[in-house]
Amino acid sequence: MTSLVKWILILFGLISVIANIVIVCLYSGRLPKCSSKPHHVFKGKHNERSAMFADLSAEEYLQVRDYMSNQKDLDISVNALTKPSGNFLFLIDLLLPRKADALGYLDNNKPKPVREATAVVFYGTLGHIKEYVVGPLPNTTYHRDVTVERYKEELPINARTVTIGEYALIFKFINEEVFTKLGQIMKESFDVSKEKTLNGFEGMPRGVKSGERQTWISFFRDLSGMYIHPVGLEVLINHESTNASLWSVKRLLYNGQYFDSVEDLIKQYDAGTVTKIVYKPVQNYASLKPKSKPTGLSPQQFYAQGKRFSVKNNHVMYLEWSFAFGLSSLTGMRVFDIRFKGERIVYELSVQEAMSVYGSITPGMILTKFLDSSIGIGRFAHELVRGVDCPYAATYIDTFRYIDVSAPHRFRNSICLFEHNTGRPLRRHFSDFFSNSYGGMVNSALVFRTITAIGNYDYLWDFIFYQSGSVETKVHATGYISSSFNVDGNLKYGHQVAENTIGNIHTHFINFKVDLDVLGVENVFQTKDMKFMNVSLPWMPERYAMVPQLVEAQLKTEKEAALRYDTKTPRYLHIASNRTNRWGHQRSYRLQVVSFTGDSLSETEPEEKSMSWARYKVAITKHKDSEQTSSSLYSQNNMWTPAVDFSKYIEDDESIENQDLVAWVTTGFLHIPHAEDIPNTVTVGNGGGVILRPHNYFDEDPSIHSPDGVYISPGSEGNCENNKMACLAEDACSPVVEPFTYNGFEGTMKFEE
């Protein structure tokens, strides 16, 4: 055998060995793909009757729009750029059925409630706003003016939200009447040119009394994250008239100094009596582009045996839970007919309002009190980013909305749903005395989420369903703080967070509606707390000790049950049934409020009526279909005479004993901005919510029946019968990863054709 042949054979042998090693390594460690089909067997079926709570479909929105626009006597435009002087179909939204009708349909085979919509029209030609009930859906044939029926009075036109059509005119007005006329000042102070502009951010309310529509607009550099780049220019415009040719500039603030007109500012600037702002380029410290190159991946969640929840249309099933859901353009997230083990616990759990009150020395912030439902909380629920806003493997749901548009908009993947391991046990005990054992259970819960980006702030809304029978609704805030230019005296209202930039102190108040039905609609409201009592010891009567004792009460009227933030409230608050559990205690659900709110606005302030719900940590009222929401679309722009004043729900002081009760819960936090809010506020510690917890509702903790329980006794450590973790390796699989997509910029606001 020649040397060449010998070397060829050796080389061939080496290649064969290496190839076999590679094949063994590749295939011996390869895992099967995780099943997309759930191993879990669902109890019951999806409730088709939940469709009455479903948001309007794109087809239904179009039916209502076309029906309304075809009513010649209404003279309505559906063009999103309709001027304030026109008549504009601003909003179409689902009209929820009357509760008695809904329960009759759900529980007693009564007729299905007629499906109807609410249509809101801004009548610029007539100077008022109208709300119509439009129906039935499908095949719309009628409309009915319900404005006075709902609000007891006509709605003035200046209570309307600023529409895209009005914004387009405001931008044009600012450019022509301010930027162009201040050409030299705009260039020298802010480097404004034909290619470079400033962006405006409005203060609200728009004035100091009913009927006014005068808005302070603060200006910011045209950079991403503009909200923390104030430049020191603020302008007050009067746009009360629906005729834009009658609008005017009322005042200006330049570098802390007020001017009566554009001409006044020019005159004093040229005379040298103004402290000039000299433009200086800055690095965009507001940019969210990572300063370090992303490397590696954070831990990811996947479902080894398929998802244990199911979504069909607007109905969800998860282990022992089921519920229907919707997303209102105005108020945002809401769920209905929440059941655990087949029993209804909650009829409605919904977001009502998000409010902030700001402090500042500059006019753009000094009077600002934002009421977000007047802009639309659900309106700004855009697409969620897979793997960041929600786990990558979550289930994503599209929504449709019709608000300030010409046609319904589809918002892809704007709701997500996922089962989440919280990383801490729901319960556990290690027994070290007398007998040895371990029992525990992972805290795995279903999360129903959307995120709304309302101007500078992003709110994360979560409804969480636990296997213990508890439901939690909570909100976390992130996004950009609002800021103002640093002028003398402004440090009383916040901290400096960047050059010439003050982060303004503000409150966050969030209101939720909690319509609990505990074993029916005849409930009572109870409180429990503790007090120390000096008691004699039974075996030593001469000796006394301070011992905590249970204190219980049942509140009888709405005024008694309006629990203010500025007073001490009992720590246990219950909606209870008159039926008892095995141990003789009334079956109830507890409202546990998690809140770090600042002080609410004084009732002496004229704007407070529009946010009177914020007085109360919890307020209990008798259910009325006419008291559907705690705020309204019109509260922001007519704070002084609000269409809905929540305090009036309590004034009639009705009995709340053995009645259908609604809890209105207020939570939130005080925000004093600081350097770490740059570029964005983080969600950690910035939030609040309410937990609905069973309290003597069951005879024992229902999670003891969960398939997630683990029990280990000496000698059974590797036994899989009561410990699925022991056999996790056998169930290991490789997740099926869907391709990443994002279409979130499709639904953004457009101010031109």
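Biologist: With which side chain does the side chain of Asp515 make a polar contact?

Modeller: A polar contact is a pair of N or O atoms within 3.5 Å, where within protein one atom must be able to donate a hydrogen and the other to accept it, and residues adjacent in sequence count only if both atoms are side-chain atoms. Here the partner of Asp515 is the side chain of Lys99, at 3.0 Å. Please keep in mind that this is a predicted model, in which local features need pLDDT of at least 70 and side-chain atom pairs count only at pLDDT 80 or more, while totals for chains, interfaces and linings use all residues. Residues are numbered from 1 along each chain as its sequence is written, and side-chain values use heavy atoms, with hydrogens and water left out.

Biologist: Where does Asp515 lie, and is it buried or exposed?

Modeller: Asp515 belongs to strand E25, residues 506-516; helices (H or I, at least four residues) and strands (E, at least two) are DSSP runs, numbered from the N terminus. A residue is called buried under 20% relative accessible area, exposed over 50%, and partly exposed in between, with a 1.4 Å probe and protein chains only. Asp515 has a relative accessible area of 0%, so it counts as buried. Leaving out residues up to four places away in sequence, Asp515 touches Lys99, Val346, Tyr347, Glu348, His623, Asp660, Leu661 and Val662, where contact means heavy atoms within 4.5 Å.

Biologist: Which residues touch the most other members of the largest nonpolar core?

Modeller: A nonpolar core is a set of buried Ala, Val, Leu, Ile, Met, Phe, Trp, Tyr and Cys residues joined through side-chain atoms within 4.5 Å. The largest one here has 88 residues, and those touching the most other members are Phe448, Trp461, Leu516, Phe525, Leu591 and Ile620. Strand E20 (residues 457-465) gives this core its largest share, seven residues. A second, separate core has 34 residues, including Phe90, Tyr151, Leu371 and Met611. Returning to Phe448, its contacts beyond four places in sequence include Phe323, Met333, Ile415, Trp461 and Phe465.

Biologist: Which residues of helix H6 are buried, and how do they sit around its axis?

Modeller: In H6, residues 183-190, the buried ones are Ile185, Met186, Ser189 and Phe190. Seen down the axis, they fall within an arc of 100 degrees, so they line one face of the helix; the arc is that of the directions from the helix axis to the C-beta atoms. Their cover includes helix H5 (164-179), strand E8 (230-238) and helix H7 (262-271).

Biologist: What is the phi of Asp191, which is not a glycine?

Modeller: Asp191 has a positive phi of about 60 degrees, and its place is in the loop between H6 and E6. With a relative accessible area of 18%, Asp191 is buried. Lys152, in the loop between helix H4 (147-151) and strand E5 (155-156), also has a positive phi, near 70 degrees, but Lys152 is exposed, with a relative accessible area of 69%.

Biologist: Which peptide bond has an omega near -5 degrees?

Modeller: The bond from Leu137 to Pro138 has that omega and is cis, and Pro138 is placed in the loop between strand E3 (128-135) and strand E4 (142-145). A cis peptide bond also joins Met204 and Pro205, with omega about 10 degrees, and Pro205 is found in the loop between E6 and strand E7 (214-221).
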